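Please look over the sequence and the structure shown here before reading on.

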Amino acid sequence: MLADRIPWVEPYKIKMVEPLKITTREDRVKSIKEAGWNTFLLRSEDVYIDLLTDSGTNAMSDYQWAGMMLGDEAYAGSRNYYHLEDNVKKYYGYKYLVPTHQGRGAEHLLSQTLIKKGDFVPGNMYFTTTRQHQELAGGTFVDVIIDEAHDPEALHDFKGNVDIQKFEDLINRVGAGKIPYITVGAPVNMAGGQPVSMANMKEVYELAHKKGIKVVLDATRNMENAFFIQQREEGYNNKSIAEIHKEFCSYSDAATMSGKKDLLINIGGFVAVNDWDLFEELRNLVVVFEGLHTYGGLAGRDLEAMARGIEEAIKDENITHRVRQVEYFGNLLKNAGIPIVLPIGGHAVFLDAKRFYEHLSQLQFPAQKLAADLYVESGVRSMERGIVSAGRDKVTGDHKYPKLELVRLTVPRRVYTQTHFDMTALAVIELYEKRKEAKGLKMVYEPTYLRFFQARFEEL
Ligand code: F0G
C-alpha cells in the first residue's frame, strides 16, 4: 500500500468539523493584554490553532461517541465502570482500579495514601501537579533524571531515563524508610516528551524492590513511550505497542493516569494498583474527594469513552500516526534552524526560549513572552514551561530557576491537519527572524499553587 511509505498517514477520516475564528493582529494584541500575557487566560474563541496542551483536547471517534450514548448513570456499579476495569486489567495489567476525574485526582489520592511528612519522593524530573500533591502531603520531590534531560541539545535515545546512581545516592543519604515510592513518568513531559527505556525501567524496579520502595508509573502517555521503545530499543522492533506497553507497566506497583492524553478522551483518569491493602485505602479516600469508587467523579458515559479509548489508542497505527505527526511538525522547525529540544518528543515540540530570546534574562520570563508573542503573531496558542511553571522553592521562597526555559507546542490527538502545522511552523520562523525586537515581562500577580495557570504579567 502506498500509505505504508508515508510514515504518519492518518488512520481515520473526518466526520465532523469545528469552525475556527480568524482574528486580526489588533484583536490579538487586545486579547493578550487582557489575559495578562498568560496564554492560559486567553479565551479559546480568540485562538486559531490551539497547541496549549494535548490534555482533554483530543477528537473522539464515532465508536467512543456511540459509547457515550450507552452511559449507565447509576450512582453505584455502573456497567461502564466494569468495562473500564476489564480494559485496565487487559491492557495495563494492574489488578485493581480506582477511577478519578483526571490525573491529578489520582495523584492526590496516592500521595495522601503513601507519603508521610518528612518523606522524599524521587522522580525522573518533576511534573507540576504530581510534585504539588507530593509536597501538599508533606513530601519532598527529588529529581533523579539523567543529566542529559536538562540539556535541550543533548542527543540521547532515552533522555527520560532515571539516573540509577542518583536514585541510589538518595537511598544512601536519607534511608529507604523515608522513600515510600519513586515516580517514573514515561515519556517525560517537562523534558520535552523524552522516553524511558525498558531496560532502565526494569533496573529501577529491581533496585526499588531490593530496598522495599514502591514504583509508581505515571502512565499518562505510556503508549507513546512504547512507540519509542519499539523504534529504538533492541529486541522490541517486532513487538506490538500493546505488548511493550504492558511489559513496561509490569515493572511498577501502581500507576496514576490522566486519560485525557493517551486515551483519546476529554476528561477522566484513574489510579491502578496491584496491592489489595493499598487499593482499600485508595477506595476509602476516593469517596471523600472524587465520588463513589465505581465512578470517581466521572459520568458513566465518560467511563465508557475512556474504556473504548484504551482499545483504540493502543493500536500500532494510532500511536505511529500520533508520534510521527509530532515529528513531522518538529522537523519543519528543526530544518529551518529554530532552536528546539532534540530529539523531538512524543506529544509536543518544545522551543528553546533561552536560545530563541537570547537577549532576555530568565527573570524577564523569556518563555512566557515567547508564547504570548507567538499568539499575537499568528493566533497559535502554546504554553510556557520554564521558570513560571517551575514555581518557588518551598524552603527559600525563591524561584526555582530551571535549566530548561521552554515553550511547548503541544499536539492534540486527531485534531489538526498537515496544513495547520505548516502554518504554525511558518509563524514560528517569522517570529524567529525578528526575535531581537522582543521585550521581556514582569510578573504582577502570582498565585500560591501552580502559579503558571493564573499568573499575570506586564510588558517591560
Ligand atoms: N502527569 C503528566 C505527565 C501530565 O502531563 C499531566 C497533565 C498530569 C500528570 C496531570 O493530569 O491534567 O489530568 O490532572 N498534563 C497536562 C499538560 C495538564 O498540559 O501537560 P491531569
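Domain bounds, as used below, come from an automatic or database domain assignment. With those bounds, the lining of the largest pocket draws at least three residues from each of domain 1 (2-54 + 316-459) and domain 2 (62-313). This is a predicted model, in which local features need pLDDT of at least 70 and side-chain atom pairs count only at pLDDT 80 or more, while totals for chains, interfaces and linings use all residues. Residues are numbered from 1 along each chain as its sequence is written, and side-chain values use heavy atoms, with hydrogens and water left out.

**Largest pocket**

- On a 1 Å grid over the protein atoms alone, a pocket is an open set of points with protein on both sides within 12 Å along at least five of seven lines, whereas a cavity is a set of points where a 1.4 Å probe fits but cannot get out; lining residues have an atom within 4 Å of a point.
- The largest pocket holds about 1500 Å³ of space, where a volume is the space filled by probe spheres set on the points, and grid points are joined across faces, edges and corners.
- Its lining consists of 38 residues, and Met16, Ala59, Met60, Arg414 and Val415 lie nearest the centre.
- Helices (H or I, at least four residues) and strands (E, at least two) are DSSP runs, numbered from the N terminus, and H2 gives the largest share of this lining, three residues.
- By class, the lining has 16 nonpolar, nine polar and 13 charged residues, with Ala, Val, Leu, Ile, Met, Phe, Trp, Tyr, Cys and Pro counted as nonpolar, Asp, Glu, Lys and Arg as charged, and the others, Gly among them, as polar.

**Second largest pocket**

- The second largest pocket has a volume of about 620 Å³, and of the 40 residues that line it, Phe127, Thr128, Thr129, Asn189 and Lys261 are the closest to its centre.
- Because domain 1 and domain 2 both give residues to its lining, the second largest pocket lies between them.
- Helix H5 (128-136) is one of the elements that supply at least two residues of this lining, and H5 gives the largest share, five residues.
- The lining of the second largest pocket has 14 nonpolar, 17 polar and nine charged residues.

**Cavities**

- A search of the whole structure finds three cavities of 30 Å³ or more, and the largest cavity contains about 60 Å³ of space.
- The residues that line the largest cavity include Glu107, Tyr181 and Thr256, and H4 gives the most to this lining, with three residues.
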